[in-house]
Amino acid sequence: LAVQDLAGQVVLVTAGPTREPIDPARFLSNRSSGKMGYALARTAFRRGARVILVSGPTTLDGPPGVQRIDVTTAQQMYDAVMAHYREATVIIKAAAVADFRSREESTEKIKKDQASLVLHLQQNPDILKELGARCDHDRQLLVGFAAESARFAEEGRKKLHNKQCDLIAVNDIGSERTGFASDANRLLVLDNRGYMAELPYVSKERCADLLWDHIVANNFLRS
Ligand code: C5P
């Protein structure tokens, strides 16, 4: 049995990509596999937390013991998170939310009888930013993820401030060894106390445990 150092915590994790419909056959999405978020949910449950996993479309099995809420679009993820975040003592936004959606969803399949096609995109709500403004930082720990390909610390620090997170975990998506489909990862963790920690390159499962270790050891838990 793992150390029950997350006993009493309620952890809300978001994972996977979102899908934004264009027409009945097509959607906009990204390369997220959901592995990192699922590993965070699985390890949190093992360490004693109650876990709610809001998941975009993935091919992964729901971790046993974890309450999974399946969503497709960014708006649905937003709605599910807003319906549940108040229960959480830790919120981890590992999902790769699509930044834009098609302004209108065509009810009929778009035909290729035109040489070019313009899709009007509209920005999706930024769930993490909204949580940063809404959540009770004395009672809730808010952790964001940042997928970057360069200037990791600088970009992470920017996101930490813009989205009012307590912690941000930066992933290198420019490398084949880490990033979306990979089974392994290396995180750079920045916090609102001004510190930065570089976690080693390990499996995503181990990486999730190391992030929990970091959160526990540095007294980031609120209760
Ligand atoms: O700004 P960027 O997308 O790089 O920030 C990444 C972080 O913000 C991740 O934690 C992601 O889950 C979250 N995010 C969000 N809603 C969006 C876009 C990103 O919650 N629309």
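Select D166 and R222 in this predicted model: the two form a salt bridge, with 3.3 Å between the closest N and O atoms. The pair joins distant parts of the chain, 56 residues apart. D166 lies in the loop between α4 (152-162) and β10 (167-172), and R222 in the segment after α5. Colour by accessibility next: D166 is buried at 4% relative accessible area, whereas R222 is partly exposed at 27%.

Then show D5, R47, D209 and D213, which salt bridges with shared partners join into one network.

Move to E87 and R50. Their salt bridge has its closest N and O atoms 3.1 Å apart. This pair also links distant parts of the chain, with E87 in the loop between α2 (74-84) and β6 (90-93) and R50 in strand β4 (residues 50-55), 37 residues apart. E87 is partly exposed at 34% relative accessible area, and R50 is partly exposed at 41%.

Next, pick D136 and R139, a salt bridge with a closest N to O distance of 3.7 Å. D136 is partly exposed at 34%; R139 is partly exposed at 38%. The count for the model comes to 16 salt bridges.

Finish with helices α1 (residues 35-46) and α5 (residues 204-217). They pack at an angle of about 55°, their axes 8 Å apart, which makes α1 oblique to α5. The crossing is right-handed. To see the contact, select K35, M36, A39, L40, R42, T43, A44 and R46 in α1 together with K204, E205, C207, A208, D209, L211 and W212 in α5. These contact residues divide into 8 nonpolar, 1 polar and 6 charged.

Key
Residues are numbered from 1 along each chain as its sequence is written. This is a predicted model: local features need pLDDT of at least 70, side-chain atom pairs count only at pLDDT 80 or more; totals for chains, interfaces and linings use all residues. Side-chain values use heavy atoms; hydrogens and water are left out. Axes are lines fitted to C-alpha atoms, for helices over the stretch in contact, and angles run from 0 to 180 degrees between N-to-C directions. Helices (H or I, at least four residues) and strands (E, at least two) are DSSP runs, numbered from the N terminus. Angles under 35 degrees count as roughly parallel, over 145 as roughly antiparallel, 65 to 115 as roughly perpendicular and the rest as oblique. A crossing is left-handed if the near helix is turned anticlockwise from the far one by less than a right angle, and right-handed if clockwise. Contact means heavy atoms within 4.5 Å. Ala, Val, Leu, Ile, Met, Phe, Trp, Tyr, Cys and Pro count as nonpolar, Asp, Glu, Lys and Arg as charged, and the others, Gly among them, as polar. A salt bridge is a side-chain nitrogen of Lys or Arg within 4 Å of a carboxyl oxygen of Asp or Glu. Buried means under 20% relative accessible area, exposed over 50%, partly exposed in between (1.4 Å probe, protein chains only).
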